[in-house]
Every structure is written in C-alpha cells, then in structure tokens.
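Study the sequence and the structure, then work through each solution step by step.

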Amino acid sequence: MKWVSGMVTNADAHTTLGAVIPPPGSPSARTAIFERLRNPNDGSGEDMPMVHSDNYPAPDNQPLTKIQYSIMQKWKDGNFVNDWSRSTAVSKHITPQGLDRAGLESCVGGPFYPGIEAGWLLRDTYTYSEPFRLDSTSLEPGDITKQMAVPWQADFNDCEQDGELAWWPAQRPDDVFPESGGPQVPWTRNIVHRMSGMVKKWYMLGFIVKKGSRYVETERQP
C-alpha cells in the first residue's frame, strides 16, 4: 500500500506490520495492530479497516464481522497454532471451487455502496437459490452490474483518498513513485483534474510495476 498511497507511506501505524509479517510477531506488535481495528460489537476502537459502512458518507468505517474480530482477538492473545512454514509454494491444481475462492477472497465486500464488483441490489434485493448462489431465473442480463458507474472512469476518478469518497489504492493509486526517481507524487498530477478529464485522458496515466525491490510508476504519457 505504501507504494500507491502517501497516507500509508506517512502513517507510523503501518510500520508495525513489518514486525509481524512473517508470523507470529511479538505480543506487543499483535496488540498494536488489533487496537487499530473498529469493534463491531459496540463501535469502539480505531478506524481500520478503512472501508465505508452503510452510514456512507458519514465517517464511520465498515468494521470486521464479529467472527473476524473474534479471530483477530484470539490472534492478539496468542491463542493460535503457529504453523506458518514460510513457504511461498502455490498449488498448481486448479479447481472450479479454487477459482471461485481466489476471486471472492479479493472482493471489497462490505455494504456494496457501490462495491467494485456490484451494487447493494446484490445484497438487499436479489433472491438466492442457495447460499452464495443467485437465482438466475429472477435476473436479466446486466442486472448484477447495472449500478456501476457509466462511464466507469467517472467513479474511478472519485475513488481517491483526497476526495474522501472512497479509498481503493490497490485498484486506483493515489500517490506513486516515478520510475525516474524523486519523492512520491499524485498519480493523476497534471493530467486529470475532474471527471471529464479521467474519461478522456485515463489512458495517459502510468502503470505501477515492480522494479527490483520497489513499485514504481512507468509508461506515463507524456
């Protein structure tokens, strides 16, 4: 995240992760991370994860689910099996279930207001034939994504931290390090200033590519 967001680069709290990854981390480091999380039971705690809740555009962030929060609390207290092998091996056995899981695990989720994948109709209106399986007989082509922005560049322009509308730096960089060197700068600098600019000039923006140990902006025009 620090390569695509100045807010993360300058945030002291994110340096704590370096002491915990790979696991298990010290008790104090785990506690420091856990205390940054918003408590879904009473709304107390800090502001992470930084994802909008159903109260959008109020400043209340979407907390972890109660189950997720309970798991994190056990982790903080040391109530877990330290079975991390430090292996980065990836299974080459591809299955339909594995493909579904790979896609769903990276979804934004939360209130879908609107999500990157679909709008709130997916949660509040559409019917399901079984858990996690939409009833296709009640849908028409385009129903799932019809709440998404058209053209997509308009919403893509607003999904920036400075605009305080959303914060998706992994999908939509806020700040980047130019390949030529120098300090971190806004990704859209001197090219995009409004929605219409993103619609017409999005192809001029750079790609974020790993070069050595850094992630830098490249292929920007001009």
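**Exercise 1.** In this predicted model, are Glu-217 and Arg-220 buried or exposed?

*Solution.* Step 1: A residue is called buried when its relative accessible area is under 20%. Step 2: The relative accessible area of Glu-217 is 4%, so Glu-217 is buried. Step 3: Arg-220 is buried as well.

**Exercise 2.** Determine which residues are linked with Glu-217 in a network of salt bridges.

*Solution.* Step 1: Side chains of opposite charge can pair when their charged atoms come close. Step 2: Between Glu-217 and Arg-220, the closest N and O atoms are 3.2 Å apart, and the two residues form a salt bridge. Step 3: A salt bridge also joins the side chains of Arg-189 and Glu-217, at 2.7 Å from N to O. Step 4: Arg-189 belongs to the loop between strand S4 and helix H7, whereas Glu-217 belongs to strand S6, so this pair ties together parts that are 28 residues apart in sequence. Step 5: The network therefore consists of salt bridges linking Arg-189, Glu-217 and Arg-220.

**Exercise 3.** Classify the accessibility of Arg-123 and Asp-124, whose side chains meet in a salt bridge.

*Solution.* Step 1: The distance from N to O in this pair is 2.7 Å. Step 3: Arg-123 has a relative accessible area of 38%, so Arg-123 is partly exposed. Step 4: Asp-124, with a relative accessibility of 47%, is likewise partly exposed.

**Exercise 4.** State how many salt bridges a search of the whole structure finds.

*Solution.* The search finds 7 salt bridges.

Technical notes. Residues are numbered from 1 along each chain as its sequence is written. This is a predicted model: local features need pLDDT of at least 70, side-chain atom pairs count only at pLDDT 80 or more; totals for chains, interfaces and linings use all residues. Side-chain values use heavy atoms; hydrogens and water are left out. A salt bridge is a side-chain nitrogen of Lys or Arg within 4 Å of a carboxyl oxygen of Asp or Glu. Buried means under 20% relative accessible area, exposed over 50%, partly exposed in between (1.4 Å probe, protein chains only). Helices (H or I, at least four residues) and strands (E, at least two) are DSSP runs, numbered from the N terminus.
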